[in-house]
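Biologist: I would like to learn how to read a few features of a structure with you. Could we go through them one at a time?

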Amino acid sequence: MSVTAEGAVHIFGVRHLSPGGAKHLLDYLQEVKPTAVLIEGPADATAEMRHLTHAATQPPVAILAFTDDLPVRTVLWPFAAYSPEYQAMKWAQEHDALAAFIDLPADVTLGLQELRLQQEVKEQVDEQEGAQRAGEQDKPQEQVQGSEQQDKPEDQEPQLAKKRSLTEDAVAKTEADKSGEHSIYSRIAELAGEHDYDMYWERNYEHNLNAGAYQEAILAFSAQMRELSEASERRYERREYAYNAVREAYMRRQINATIAAGHAPHKIVVVCGAYHASALVDLTDAMTDTELKALPRRSAKLTLMPYSYYKLSSMSGYGAGNNAPNYYEMMWHRMSTDTLDELSEYYLSMVARGMRDTGTHRSTAEVIEAVRLAEALAALHGGSAPTLRDLRDAAQTLLGRGELSVVADTLARVDVGTSIGSLADGVSQTPIQDDLNRLLKRLKLDKYKTAVATDVALDLRENRRVSTEEAAFLDLNRSFLLHRLNLIGITLAKLQPSGQDRATWAEHWIMQWSPEVEIQVVESTLLGETVEVAAAHVLQQKLDGCGTIAEASDLIRTACECGMLAQMEAARQTLQQLAADSRDVVQIAAAARDLSTIISYGDIRRVDTSPLIPLLEQLFTRACLFLLDCSGCNDEAANAMCTAMNEMNSVALDHHEHVDDPLWLRELQHLAERDDRNPRLSGFACAILMERNAITVEQCSTEVARRLSPGVPADLGAGWFEGLSQRNRYALLSRMSLWEQLSSYIQSLDDNEFVRALVFLRRAFSTFSPREKTMIAELLGELWGVHAEAAAEVLTGELKEDEVKMIDELNDFDFEDF
């Protein structure tokens, strides 16, 4: 029965995701049979209603508005099957009634959002600066003068940094203010004697199936809630009240426009949030043309997107979501019988079934007892049926046998669910959404568009067992798409280690869809209308800001992985320009390694890598020529240089037909012979030469005798041996003469030098395998006349604190002095 005066517009307040509200609203619409159904929602999205009510649309879905310039701002209006607004749209479609959204247009909502954020930040910054000025006034005069002197031009940067810090603090305080412990909804729950607002709402509104009672209760609730918010002293709630006043003035304007269009007031039903219900009863204070024109706006676009129950559950708060969307869907389906008598049985049976599926058996008798307990808990609170909290408490007590951990995972699945909505093909999509959906379908990846994380293993090699080229390179094209999505910031898939050593043909991805992914897709519209165009735009931006060899080589690899040849060539040219002036062997070697990998396996990705070969030759030659210069470094930098030398040697072996391998070996020989370079690097160079058979046994023995002769400081002798031992372990272990020489060298050291030598030797032996360490201990034990265990303790024990300090001091050692 209508509660409005004869001839007045019917106002029906709801909670935005309320099965009870949807049921009562449908009953009310059948009673009133309006010619116009006006719904709280963005007025410029009315045209999208036909897509929302399309037969192929499966909720949950959402309207998404986004700004078409930077910074990107978004706002969402989600709908579940049990949303009163969604059911109102469907009723209007089925009964040929006008349906329209009447809230502020999306561009105004986004404009106000921007304005509110700016105001909040400004207020907080002003407040903090005011507090600081007040503090300055309490300081002694000389301290105040000192503060004033810091505002000189040369000190502007610290002052700007200080301002930025204040702004960041203000934003944090604003967010904390919004989510304060004592919001209006928590105060309502407290006054009602309920645990939380959701429990209050469910017991008093969702369970109230009496005809007409819901609407009357909502109007009373609305009036009382507005009194609470009007009396609030909290800045955020005052600002929220003002924002809602603007929205309500606009909604009154839209209602009046509908009446002016010829609809009788008593044939209009307005569906709005409960908070707004009492405010829309009086239509006299509507927004004027002047007021509408003065509202801030940000240019925006609208689209529809699939949504998920998981996302709805993560959005707490009255207007945004609920904690258990799957549970409320169960409630919605059972409301068709005008009773909730079977909801408890169904819910707890689902929990028991979920536990059984994971290997925890519970009997029917335990389910029955859980139902009885839930009903008893509801009766204690004066409720007509158990709330979700009552059901969860019963499940924990009877099915979990008192332990929440036993039932927690199952409760989460039953409460939230895994439902994801869907839209008809091509429905109200941005161009890049259409392109992505088309690509997912063509590449047979659309089945992975679920909220459940799914493994996708790709083999990039040609499949010769199929008849078409597209099928033969299906996984390769999938790889191109997933790499492009990662490049433009769409996190639909995450690359994992393939589990195959050096298997560049294998990729392992984890794919998982979420509403956040859909938003990322929409936001990338600013980058281009297709995935490929957007990826090309991002690559070009990165190239424009590229300033190092490492960045440029990484972009070549990225372009190759994305299958974007034009951008790969642009990155090659950028790297060539940067390399022409570089003397950083570490960066040059890393870039050469990347190019080597691309050249070696480019055919798997069907990429012409021949233009990269001259660049690889150039990088390799420069690294060779500057090897000696960069080897005069401290011990810490020697770690990166060892890695670079490893990379260079691998490139020389893999591409000996393209790079100057003889030059590389000559430069290694020069480094191995030099006494004024880092000794570890000289030893490492000698190890590579031994491995490559580029020096004879006699030459090696001579160098060992020279480096490990009595009188050579421990820093140089033991440091050189550390470098030598980093490669070709078994060749070293087989040379008894080497260990005899090392033993003689150690015995020649005085006590202080011996301690310093142990630092290097222990660090060297720490990288050996247990089997290798045992062999070394046996060799040295035999030479020293001690047990192998004693030798092992000396050489492989943990470094002491003073030894670690000694290593740190060596990092500043200047080998140019020798």
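Predicted model: local features only at pLDDT ≥ 70, side-chain atom pairs only at ≥ 80, totals over all residues.

Biologist: Which residue of β5 is the bridge partner of L38?

Modeller: That partner is A100.

Biologist: And how many of the six residues of β5 are buried?

Modeller: Five of them are, so strand β5 (residues 98-103) is mostly covered, with buried taken as under 20% relative accessible area.

Biologist: Let's turn to a helix. Which residues of α7 are buried?

Modeller: In helix α7, which spans residues 184-192, the buried ones are I184, I188 and A189. Around the axis they cover an arc of only 140 degrees, which puts them on the same side of α7.

Biologist: What follows α7?

Modeller: G193 does, and its phi is positive, near 75 degrees.

Biologist: Now the aromatic rings. What describes a pair of them?

Modeller: Two quantities do: how far apart the ring centres are, and the angle between the planes. In this model there are 15 aromatic pairs. Take Y200 and Y205: their centres are 6.0 Å apart and their planes are at 70 degrees, making the pair edge-to-face.

Biologist: Why does Y200 count as buried?

Modeller: Y200 counts as buried because its relative accessible area is 11%, and the cut-off is under 20%. Y205 is buried as well, with a value of 5%.

Biologist: What is the geometry of the pair formed by Y327 and Y328?

Modeller: Y327 and Y328 are also edge-to-face, with 5.3 Å from centre to centre and 65 degrees between the planes. The relative accessible area of Y327 is 0%, so Y327 is buried. Y328 counts as buried too, at 4% relative accessibility.

Biologist: Which residues do ring pairs link into a cluster?

Modeller: The cluster holds F12, Y28, Y197, Y200, W201, Y205, Y214 and F221.

Biologist: One more feature, then: a charge over a ring. Where does the charged end of R334 sit?

Modeller: It sits over the ring of Y346, at 3.8 Å from the ring's centre. There is a case with tryptophan to look at too: R461 lies over the face of W505, 3.7 Å from the ring centre.

How values were computed: Residues numbered from 1 in each chain as written. Heavy atoms only, no water. Phe/Tyr/Trp six-rings, centres within 6.5 Å; stacked < 30°, edge-to-face > 60°. Buried < 20%, exposed > 50% of the residue type's maximum accessible area, 1.4 Å probe, protein only. Lys NZ or Arg CZ within 6 Å of the ring centre and 35° of its normal. Helix = DSSP H or I, 4+ residues; strand = E, 2+ residues; numbered from the N terminus. Arc of directions from axis to C-beta. Pairing = 2+ DSSP bridges.
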